[in-house]
Amino acid sequence: MISKKEFLPILAYSIPTYVLVYPSFFVNTLAREFPYWEAFLLLSLPFLGRIIGSLIYQFFKSYIIPLLTLSILTLLQIDLNIIFPVRFLIGIIFGLMTSYAVDNAVKTNNLVLGLTTAGWSIGWILSYIAYTTIHNWNQICIISSIIIVSIAFLDRRVSLDKIKINISLPKTSSIIVYFSALTPAFTLQIIPSIFEKAHTTWLILPSYLLSIAVYAILPIIASKIGLKRCIIITTLGILISGITTFLITPYTLLPYTSLGLGILSLIPKYLTTKNEKANTLGIALNIGSIGGLIIPTLYTIIPTSPESILVITSIILLTI
């Protein structure tokens, strides 16, 4: 049974992820108001802000304030005149909250760590449900804002653990590992716009549902066969299924999504074995996430770039 304190990191990862990714389902809608490349830039702009957020985390102690701020920013997305700076600020809140989540989850057990990193999948699932049930940009922003406010006040006593102010940065190698491991997650940002044209968007939901189970299972498998071996096998699966998904058939999205996201449940433990500090894991995660800005932007310029980047970064991960 997961306690309230253990559940908090899962919540802190899932809710900001939802706000970060649900615009992925509205690329074609946003493209009516902006050039196509700017619509994709809206998806990826928060990945710059999250780097700042991961640094701010070392000074921040409140749990309610970030959620309330996220609620306001979610509502402000309705005004497309200010949406670019709003998306950047959303990234800052995302970086702050996910740094908190990873820092605390890595100190618990494999199940909590797996479910915390599964917050990315949970956020995508919530986004898919919101899109398919509401299907309206303004209404989703309003309803989501209200729900986030409600979550913030579920328990006013819950707050971030007191943090000793001590600025520290992760190793360069840790950032490279996260950049490599996050690449599949960021290629998935372009999936809704591609699959919508092929009328296969329905594949997204089972893919992310399956990934939640993989998030929880991979750390258990790693404890049996060894962490490094598990990462190598998983990466090979990502590489094969990813190329197949983009070039041959969309139906291999299920293993690509589940393995591509599930590998993130292995990275925190792997980096701690390389003497990375728990409180800098979130910073490494968020700096490594710069790929979230690069990959969708490149896709608008070179439509085959996700496959190329996937191959290169997967090879890098295999050799680390």
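Reading a helix pair and its surroundings

Guide: In this predicted model, helix α12 passes helix α13 in a right-handed crossing.

Visitor: How are two packed helices described?

Guide: Two packed helices are described by the angle between their axes and by the distance between those axes. Here the axes of α12 (residues 204-225) and α13 (residues 227-247) come within 7 Å and cross at roughly 125°. That angle makes α12 oblique to α13.

Visitor: Which residues of α12 and α13 meet?

Guide: From α12, the residues are Leu-218, Ile-221, Ala-222 and Ile-225. They meet Leu-227, Arg-229, Cys-230, Ile-233 and Thr-234 of α13. By class, this contact has 7 nonpolar residues, 1 polar and 1 charged.

Visitor: Take Thr-234. Is Thr-234 buried or exposed?

Guide: The cut-off for buried is under 20% relative accessible area. Thr-234, located in α13, has 5% relative accessibility and therefore counts as buried.

Visitor: Which residues does Thr-234 touch, leaving aside residues up to four places away in sequence?

Guide: Thr-234 touches Leu-218, Leu-259, Ile-263 and Leu-266. Leu-218 belongs to the α12 side of the helix contact described above.

Visitor: How many residues of helix α14 are buried?

Guide: In α14 (residues 253-262), 7 of the 10 residues are buried, so the helix is largely enclosed by the rest of the structure. The buried residues are Leu-253, Tyr-256, Thr-257, Ser-258, Gly-260, Leu-261 and Gly-262.

Visitor: Now a loop. Where is His-135?

Guide: His-135 is in the loop between α8 (119-133) and α9 (137-152). Its phi is positive, at about 60°, although His-135 is not a glycine.

Visitor: What share of the contacts with a separation of 6 or more comes from residues 24 or more positions apart?

Guide: Such residues account for 86% of those contacts.

Visitor: What is the accessible surface of the chain?

Guide: The accessible surface comes to about 13,000 Å², and carbon and sulfur atoms hold 70% of that area.

Technical notes. Residues numbered from 1 in each chain as written. Predicted model: local features only at pLDDT ≥ 70, side-chain atom pairs only at ≥ 80, totals over all residues. Heavy atoms only, no water. Axes fitted to C-alpha atoms, helices over the stretch in contact; angles between N-to-C directions. Helix = DSSP H or I, 4+ residues; strand = E, 2+ residues; numbered from the N terminus. Parallel < 35°, antiparallel > 145°, perpendicular 65-115°, else oblique. Left-handed = near helix turned anticlockwise from the far one by under 90°. Contact = heavy atoms within 4.5 Å. Nonpolar A, V, L, I, M, F, W, Y, C, P; charged D, E, K, R; others polar. Areas by Shrake-Rupley, 256 points an atom, 1.4 Å probe, with all protein chains shown as cover. Buried < 20%, exposed > 50% of the residue type's maximum accessible area, 1.4 Å probe, protein only.
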